[in-house]
Amino acid sequence: SLVEVMRTLPFKPRKSMPFDRDSEFMDWPQLQAEVGTQKWFCELSTLWQKRTVENTNCRALRWLPREIALSTISHKHLEVICARLNATPHKCLGWQKPAEFFKEKVLDQAA
């Protein structure tokens with residue numbers, strides 16, 4: 001679960017998290033209560049915030065059939081998709097992989 005993943009991070013990197021305004025984030029109060037994460041939602045007037053979330057969603061959908069119900073996907077399958085997403089270099093990160101960037105810029109600075 002998201003709560004379990006967030007608990008593994010140092011406090012500073014998990015103190016805020018952007019959410020899309022869709023129904024899958026209705027449980028954000030639980031995340032806030034259990035791990036101290038403050039939420040913020042994409043502002044309707046700030047399209048770049050929404051584009052980042054949607055771009056990530058589109059990348060993830062590359063490995064999922066369109067007609068599949070998300071509730072039927074195994075946790076292991078989701079981990080594989082996350083690993084692929086985090087191992088793909090991005091131009092906006094200077095061609096670093098997101099996992100490398102996160103470790104260097106967030107985790108190392110939080111330590």
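Trainee: What makes up the chain, in helices and strands?

Mentor: The chain has six helices and two strands. Helices here are DSSP runs of H or I with at least four residues, strands are E runs of at least two, and both are numbered from the N terminus. From that end, the order is α-α-β-α-β-α-α-α. Keep in mind that this is a predicted model, where local features need pLDDT of at least 70, side-chain atom pairs count only at pLDDT 80 or more, and totals for chains, interfaces and linings use all residues. Residues are numbered from 1 along each chain as its sequence is written, and side-chain values use heavy atoms, with hydrogens and water left out.

Trainee: Why is His-90 called buried?

Mentor: Buried means under 20% relative accessible area, exposed means over 50%, and partly exposed is in between, using a 1.4 Å probe and protein chains only. His-90 has 15%, so it counts as buried. Its place is in the loop between helix H5 (75-86) and helix H6 (98-110). Over the whole chain of 111 residues, 23% count as buried.

Trainee: What is His-90 in contact with, leaving aside its neighbours within four places in sequence?

Mentor: Those residues are Arg-59, Leu-85, Trp-95, Gln-96 and Pro-98. Contact means heavy atoms within 4.5 Å. There is also the backbone oxygen of Thr-88, 3.3 Å from a polar atom of the His-90 side chain.

Trainee: How do you know that the buried residues of H4 line one face of the helix?

Mentor: Good one! The buried residues of H4 are Gln-49, Val-53, Arg-59 and Ala-60. Seen down the axis of H4, they fall within an arc of 125°, so they line one face. The arc is that of the directions from the helix axis to the C-beta atoms. On the other side of H4, Trp-48 and Arg-51 are exposed.

Trainee: What span is expected for H4, and what does the helix reach?

Mentor: The expected span is 1.5 Å times one less than the number of residues. Helix H4 (residues 47-61) has 15 residues, and its 21 Å from first C-alpha to last is close to the 21 Å expected.

Trainee: Which residues make up the largest nonpolar core?

Mentor: The six are Val-3, Met-6, Leu-9, Met-17, Leu-31 and Val-35. A nonpolar core is a set of buried Ala, Val, Leu, Ile, Met, Phe, Trp, Tyr and Cys residues joined through side-chain atoms within 4.5 Å. Helix H1 (2-7) and helix H3 (28-35) each give two or more residues to this core. Apart from it lies another core of five residues, among them Ala-60, Leu-64, Ile-73 and Ile-81.

Terms used. Polar contact = N/O pair within 3.5 Å; in protein donor to acceptor, adjacent residues only side chain to side chain.
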